[in-house]
Amino acid sequence: TPFVKNNNQPAYFVSILRDAEVKNVSKIYRTPTQIMGNGGIVDWPVRKMDYSSCGMLTGLVADSGESVAIATRDFNRYNSYINIIPTERNGGKKLLEACIATEGLPPTSLPAFYFTQNKSAFTAMQSEANAIATFMKVKTDKKQSYHWCSWYYTYYHLTASMLSDYLKGFKSVQPEVPVQTIQIDAGYQPHAGDWLEPGEKFPNGIEPSIKEILGNNYKAGIWIGPYMVGNKSKVYKAHPDWVLLKKDGQPIINMSFYGEDRLWGAMDEEIYTLDTSNPEVMEYLRQVFRAFKKMGISFFKTDFMLYGAETSDNVKRHTPGKTSIEYQRDFFELIRQEIGPDAFWLGCIAPYAPMLGYADGMRISADITPKWEGGTSMFNESKGAQHINNVWWQNDPDAIILRSKYSNLCAAEARSLILWIGMLGGVINTSDLFYEIPKERTALFRFLEPGNEKITA
């Protein structure tokens with residue numbers, strides 16, 4: 001029977017538990033729901049709680065360490081939330097709510113919540129994460145990624161000729177640093193959305209550079225923000241009706257640049273979201289990923305994936321009737337079909353729930369910067385999300401800063417960051433030029449080369 005509120009208005013949340021009192025617990029263990037998700041063990045809140053950080057899987061931690069993990073396991077259609085209510089609102093009582101986000105659509109069935117107990121907080125959370133992975137048919141069989149990404153050295157300034165020079169330089173280092181993949185990051189495209197168009201930095205398109213990477217015996221990787229489309233792009237000018245709309249019919253503007261700043265040096269004043277409920281949009285994106293695959297690309301970093309997470313009760317879609325997770329998983333299924341089962345897929349700025357079973361790696365923290373405080377998010381998030389590492393995917397704590405010049409890291413700080421990221425057992429990557437960095441840091445990066453057996457700290 002469909003759930004409805006009074007006056008036959010649709011429900012947006014269905015609570016399985018509401019104002020349930022929790023006793024003998026002082027801390028909660030949060031699983032991030034997205035990048036920078038404030039994961040880990042924290043005190044029960046007194047005044048304020050970020051509810052978005054208490055979805056999917058949450059632990060109740062007793063002073064003894066004994067814990068109860070709470071989660072749904074089926075994320076094919078609905079987001080779920082375990083809302084922790086601040087004590088100041090209830091006279092010091094610790095209350096929680098377990099609910100499903102139905103997004104105003106009539107649910108015919110809802111996923112079960114599971115409450116599982118364990119003597120260890122970490123084990124409780126990791127065990128339940130494994131149960132979720134089993135239900136969602138997650139595969140973690142890909143080799144641990146060990147790759148070079150262009151972003152944190154060149155940012156959006158990379159050109160085809162620069163890449164050629166870098167490849168020659170990498171080959172000059174003997175013995176060669178055995179990275180698996182060379183990945184081109186954002187900036188190759190003239191505008192967001194025009195992924196296959198030649199740009200100023202790659203005047204012949206990216207295919208010649210992809211062939212050059214492959215010719216040097218590396219796998220080839222590409223960055224793409226598949227939901228993104230700029231107002232100056234060919235795609236938007238030809239198909240303004242392809243973008244996701246607010247309830248009032250106006251485009252959702254995810255980024256705006258009305259002054260001198262511009263995204264990746266392009267002229268776009270606004271960045272919109274493509275509406276994947278539109279079959280024409282899906283076919284366009286299918287052709288983009290098909291073209292990349294045909295070029296020989298086997299590593300895909302998909303960014304700004306949160307743009308597809310707008311809930312269905314908050315937008316006007318071309319074809320309504322599904323939840324936001326259903327639209328996302330329809331699109332992610334398309335991507336996986338086109339890139340193939342063997343391709344490595346790295347999610348970035350992504351919602352975690354709909355990517356279960358699709359992503360092989362997942363960025364968990366804010367962009368790293370070449371200074372000690374620039375690693376704060378990485379340290380915090382890599383601790384708070386370690387119970388899902390190599391369970392849902394390989395966690396990506398972000399690039400390792402190896403260089404000594406153009407960096408504010410002292411030698412001890414750089415070494416600490418390198419070893420911390422290495423011991424986690426997730427994605428290992430850098431953007432630095434192996435032929436320009438100190439030999440001792442190259443040796444450290446070689447030391448982090450993954451073996452055949454995955455090890456998770």
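Does Met-56 count as buried or exposed, and at what relative accessibility? The points below take up this residue and some other features of the model.

1. The structure is a predicted model, in which local features need pLDDT of at least 70 and side-chain atom pairs count only at pLDDT 80 or more, while totals for chains, interfaces and linings use all residues. Residues are numbered from 1 along each chain as its sequence is written, and side-chain values use heavy atoms, with hydrogens and water left out.

2. Met-56 counts as buried, at 2% relative accessibility, where buried means under 20% relative accessible area, exposed over 50%, and partly exposed in between, with a 1.4 Å probe and protein chains only. Met-56 lies in the loop between strand 3 and strand 4, and its phi is positive, at about 70°, although the residue is not a glycine. Helices (H or I, at least four residues) and strands (E, at least two) are DSSP runs, numbered from the N terminus.

3. Asn-217, in the loop between helix 4 (207-215) and strand 11 (219-224), also is not a glycine and has a positive phi, near 70°. With 69% relative accessibility, Asn-217 counts as exposed.

4. The peptide bond from Gln-174 to Pro-175 is cis, with omega near -5°, and Pro-175 sits in the loop between helix 3 (160-172) and strand 10 (181-184). For background, most residues other than glycine have a negative phi, and most peptide bonds are trans.

5. Helix 1 (residues 121-135) has 15 residues and reaches 22 Å from its first C-alpha to its last, close to the expected 21 Å, a span given by 1.5 Å times one less than the number of residues. Its buried residues, among them Ala-121, Met-125, Glu-128 and Ile-132, pack against strand 2 (25-30), strand 3 (40-43), strand 4 (57-62), strand 5 (67-72) and strand 8 (113-118).

6. Helix 9 (residues 376-384) and helix 10 (residues 411-424) pack at an angle of about 20°, with their axes 11 Å apart, and this makes helix 9 roughly parallel to helix 10. Axes are lines fitted to C-alpha atoms, for helices over the stretch in contact, and angles run from 0 to 180 degrees between N-to-C directions; those under 35 degrees count as roughly parallel.

7. In this packing, Met-378, Phe-379, Ser-382 and Lys-383 of helix 9 meet Leu-417, Trp-420, Ile-421 and Leu-424 of helix 10, where contact means heavy atoms within 4.5 Å.

Methods
Parallel < 35°, antiparallel > 145°, perpendicular 65-115°, else oblique.
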